[in-house]
Amino acid sequence: MLEELVSKKKKQNNRKRVEKWLHKNHKYINLTALEKEISAPKGLVQKFVKYDKKINDKWMDQLYGVIKRFTSFNLR
């Protein structure tokens, strides 16, 4: 029961992070390429940015992973 609450809260935090990041940085990235990277329907991210249409949790988790991957500046 406690794990479900923690998981749900973590997903909400990830959603807020992704939404905030997309609104802030949509001018600087290729939204179509971002959609192709996660195999999302065409226009999913554009509709969110332009019309504030909610993105399904399925896509939000994948977007979070992609954004996290290319925003980290770790040296290898």
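## Phe70 and the aromatic pair

Phe70 is partly exposed, with a relative accessible area of 39%, where buried means under 20%, exposed over 50% and partly exposed in between (1.4 Å probe, protein chains only). The model is a predicted one, in which local features need pLDDT of at least 70 and side-chain atom pairs count only at pLDDT 80 or more, while totals for chains, interfaces and linings use all residues. Residues are numbered from 1 along each chain as its sequence is written, and side-chain values use heavy atoms, with hydrogens and water left out.

A search of the whole structure finds 1 aromatic pair, a pair being rings of Phe, Tyr and Trp (its six-membered ring) with centres within 6.5 Å, counted as stacked for planes under 30 degrees apart, edge-to-face over 60 and tilted for the rest. The ring centres of Trp21 and Phe70 are 5.7 Å apart and their planes stand at 75 degrees, so the pair is edge-to-face. Because Trp21 belongs to helix H1 (residues 2-25) and Phe70 to helix H4, the pair ties together parts that are 49 residues apart in sequence; helices here are DSSP runs (H or I, at least four residues), numbered from the N terminus.

## The two sides of helix H4

Helix H4 (residues 57-71) has 15 residues and reaches 21 Å from its first C-alpha to its last, close to the 21 Å expected at 1.5 Å a residue, the expected span being 1.5 Å times one less than the number of residues. Its buried residues are Trp59, Met60, Leu63, Val66 and Ile67. They cover an arc of only 130 degrees around the axis, which puts them on the same side of H4; the arc is that of the directions from the helix axis to the C-beta atoms. On the other side of H4, Lys58, Lys68 and Arg69 are exposed.

## Salt bridges around Arg15

Arg15, in helix H1, counts as buried at 12% relative accessibility. Its side chain meets that of Asp57 in a salt bridge (2.6 Å, N to O), a term that requires a side-chain nitrogen of Lys or Arg within 4 Å of a carboxyl oxygen of Asp or Glu. This pair links distant parts of the chain, with Arg15 in helix H1 and Asp57 in helix H4, 42 residues apart.
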